[in-house]
Structure formats: structure tokens, C-alpha cells
Amino acid sequence: MRISTIQAFNTGVQGVQDNYSKVTRTQEQVSSGKRILSPADDPVASVRLLQLDQQANKLDQYDANLKAATNSLTQEEAIINSINNNLQRVREIALQAGNGALDQGAREALGQELVEREEELVALFNSRNARGEYLFGGFQSQTPPFVKEPNGTYTYQGDEGQRSIQIAGSKQVAINDNGKKLFVDVPNVNRVTTETITGSARISLGVVEDKGAYDSEFYPNDNVTIRIGVDGESYEILDENDASFTPPVTGFIEPNEDQSYQVRFGGVVVTLDGDLAENDEFQITRGVVDGGAGVQERRSILQTVSELRNTLETTGDSPQDKLLRRDQLGIAVQNLDNGMNQVLSVQTSIGARLNVIESTQDENSEVKLINQGMTAELAELDYAEALSRLSFETVVLQAAQQSFVKVSGLSLFNLL
């Protein structure tokens, strides 16, 4: 086999260049601390590293979302605490106003405090988070959810949406609650109207004390009539056609401590005041769902506070006013209880969401640690192996250089 001088020269140069390239690449790995300098070094590991990098970016975004959700929910929880404290004070005012020793001036003073409490509630309902978004407007986060109309009533201008934010690959958490669910759609215990048909006794405002019984027993009737029996100590409930139910609904009337009488039917309780006589009749009519006559199925917290204030400011000291005030105060206390229960249920939900956020933060942290370990295993250099390889490649390069010098010096002219 013949090997020309130029072929031997080129082969030697190529060998030196290849070995030098290996040494240079190993030196770059040692100086950078990276095992993979280009995708060609390890295509499979390069793809996996790209996936891990994308996941790391997602986890960073999830961390930012978790912080935003925590801040929003923590602020909402603090505001709801303030709302609940405010409502508790309003409830105390309602109970205090029931003291028969208070005169009109004292009641008006309590009413003036209710004005301040009402304004404070509106401000709390229109609270914003750190990003300037209204917390209780649903998806309508840029406009105030509660607006006072010229006639003194309040309108909810938000929607029933609930904004959510992604905190993990397949996990979202709600970061707000709409004001309609929280503060407007509060069950109203006074959703019936009452009227004395015959007799001198008075029937109180009706109170729904059992919603389940009301929906199943009372609501199918447009109205029912209470008819006093022959002895004045018993009664019968008649249907909307003034006919007896099957079987008949009857009961005995027993006086309370204040010598009034309570009658219950279909989840509704009313109080009869005065002297009862045979064939006295009182009618209870169901309210309509969408409002009408102030006996809608739902009554907002602000409406309850406003009506309570109006009661304290307008009712006097006549026997009729005292009875009306008794009824209105009782209804206000129960509606406030319903409102606080609704607020507390959402507060419980916020606590549960904060717990989910905390557990998700722990999960994301664990995933980050796992990914960092995998990234290090795939990308970081094993210095002991690399330095040994560099030493070996340096020896090989030196040998190639020396052999090239010797081979390149061979020539027939040296023998002439």
C-alpha cells in the first residue's frame, strides 16, 4: 500500500486537529461546569432539559399566582371580619332598641349610629384589592359593585361571576366572591303579608321560621286564613278557598308572657295581640319571589339595616307603633343573623381556599426540588470524570503532535 507524503501529512494534521478539538471541548465543559454544550452532545438529554426549563417557568408563574391569590384572599378575609363585626354591632342596636324604656330621642340616636354603620358597610362592600380591583363585583372588577340610588336604596352593579387563577397544572382557586351571593341574596324571614279580616285583635308581621316547611306546605297556597274557634281559645287554618284542609289543621291558643298568642302553620309564625273572639279571621298571604310589598324571598343586608333605621326614626310610642316596632326589630335581628351566617360561610370557604394554596405551595416546592435534581443530573458536569478525561486527551494530543513531527520529517532526500 502506498502512502504519499501529502496523505501522511494530511492524516497527521487531521489527527492533531481532532485531538485538539476534544481537549478544547473538555476544557469548555470544565470552565462552564456544563456537560452539554450543544444539543448534539446528548439529543435526548437536551430535549428533557428543555422540558424541565419550560416546567420551571410555569412553576415560577404559579408561584406568582399563588402570592396574588394569597394576598387577595387574605385581604378579603380581613374585610369580611370587619363586615361581621359591623353587623354584630347593628344586631346589638336592634336588641337595644327593643328596650321599652327608650324614648324617641334615644331611638333616633341609635338610628343615627345606624347611618354611620350603613355607610361603613357600603365602603367595605366596595373594597378593592392591592391591584385596584373591586373584590365583590364578580367579573366586573373595575366598577363599584354597590351604588346608592337617589331614593336611598342600593343597586348591585356587579355580576355573579367568581374570578379564578391557576396555581398548578390542573388546579385553580377562586380569588374573590361576588357581592350578590354574599350581601344581596340573603334569606328574608318576612316574606308574607298579614291582615286582620274580622275582629279587633291585631296580627303581627309574618316570620318564616322553617324554610323547608314553608316551601312544601305554605307556598302552594296563595293565602291561608286563621279562624278563631267558638271558645276563643282554639283556631283552625283554612285554605285559599276558606275551606278546611284534609285532615283539618287546628290548634289551641295559649297566651305568652306578654299576653299575646302565637300561631304556626307551614313554617310561618304570627303573633295575635288583643282580645280574640269567635269567628275572628286573620289572613296570611305569601310574598312574591321578585319583591313586591317588601316581602321578597331575599333581602339584602343594606336593605335590612336601612329598614331597621327607618323603624327607629319613624315609630312613636303609641301601642300600635310599639307592636309594629316589636315585629320589625324581631325580623331585623333574624335577617341580620341570616346575613352573618352567609358571610361566615364564605369566610369558611376562604379559609379552605387558603389551605389549598398552602398545600399547593408545598407541592410546587417539592416539584421544583425534584426538577432541579434532574436538571443537575442531566446538565451538570462530573468534574472528576472530566478532569481525568482532560488529562488523558492532553496526553493523546501531545503524542499526536510528537508523532506528526516525526512523520512529517521523513523524506527520501534524507537518504541521498
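Student: Is the crossing in which H3 passes H6 left-handed or right-handed?
Tutor: Helices are DSSP runs of H or I with at least four residues, strands are E runs of at least two, and both are numbered from the N terminus. A crossing is left-handed if the near helix is turned anticlockwise from the far one by less than a right angle, and right-handed if clockwise. H3 passes H6 in a crossing that is left-handed.

Student: What pLDDT do local features need in this model?
Tutor: Residues are numbered from 1 along each chain as its sequence is written, and side-chain values use heavy atoms, with hydrogens and water left out. This is a predicted model: totals for chains, interfaces and linings use all residues, side-chain atom pairs count only at pLDDT 80 or more, and local features need pLDDT of at least 70.

Student: Is H3 roughly parallel or antiparallel to H6?
Tutor: Axes are lines fitted to C-alpha atoms, for helices over the stretch in contact, and angles run from 0 to 180 degrees between N-to-C directions. Under 35 degrees counts as roughly parallel, over 145 as roughly antiparallel, 65 to 115 as roughly perpendicular and the rest as oblique. The axes of H3 (residues 104–125) and H6 (residues 301–314) come within 8 Å and cross at roughly 165°. That makes the pair roughly antiparallel.

Student: How many residues of the contact of H3 with H6 are nonpolar?
Tutor: Contact means heavy atoms within 4.5 Å. Ala, Val, Leu, Ile, Met, Phe, Trp, Tyr, Cys and Pro count as nonpolar, Asp, Glu, Lys and Arg as charged, and the others, Gly among them, as polar. Residues of H3 including Leu 110, Leu 114 and Phe 125 meet residues of H6 including Val 305, Leu 308 and Leu 312. The contact divides into 3 polar, 5 charged and 11 nonpolar.

Student: Which residue of S13 does Thr 194 stand opposite?
Tutor: S5 and S13 (residues 281–286) run antiparallel and are joined by 6 bridges. In S13, the residue opposite Thr 194 is Ile 284.

Student: How many residues of S9 are buried?
Tutor: Buried means under 20% relative accessible area, exposed over 50%, and partly exposed in between (1.4 Å probe, protein chains only). In a regular strand the side chains alternate between the two faces of the sheet. Ser 234, Glu 236 and Leu 238 point one way from S9, while Tyr 235 and Ile 237 point the other way. S9 (residues 234–238) is largely enclosed by the rest of the structure, because its buried residues number 5 of the 5.

Student: Which residue takes a positive phi in the hairpin of S8 and S9?
Tutor: S8 (residues 223–228) pairs with S9 in the antiparallel sense over 4 bridges, and Thr 225 stands opposite Leu 238. The hairpin has 5 residues between the strands. The residue with a positive phi near 75° is Gly 232.

Student: What is the bridge partner of Glu 236 in S10?
Tutor: S9 and S10 (residues 244–252) pair in the antiparallel sense over 5 bridges. Across from Glu 236, the bridge partner is Thr 250.

Student: Is the peptide bond from Thr 246 to Pro 247 cis or trans?
Tutor: Pro 247 lies in S10. With omega near -5°, the bond from Thr 246 to Pro 247 is cis.

Student: Is Asp 242 buried, partly exposed or exposed?
Tutor: Asp 242 lies in the loop between S9 and S10. Its phi is positive, about 60°, although Asp 242 is not a glycine. At 42% relative accessibility, Asp 242 counts as partly exposed.

Student: What phi does Asn 279 have?
Tutor: Asn 279 lies in the loop between S12 (268–273) and S13. At 46% relative accessibility, Asn 279 counts as partly exposed. Asn 279 is not a glycine, yet its phi is positive, about 70°.

Student: What separates the C-alpha atoms of Leu 344 and Asn 81?
Tutor: Leu 344 is found in helix H7 (residues 319–379). Along the chain, Leu 344 and Asn 81 are 263 residues apart. Their C-alpha atoms are separated by 8.7 Å.

Methods:
Pairing = 2+ DSSP bridges.
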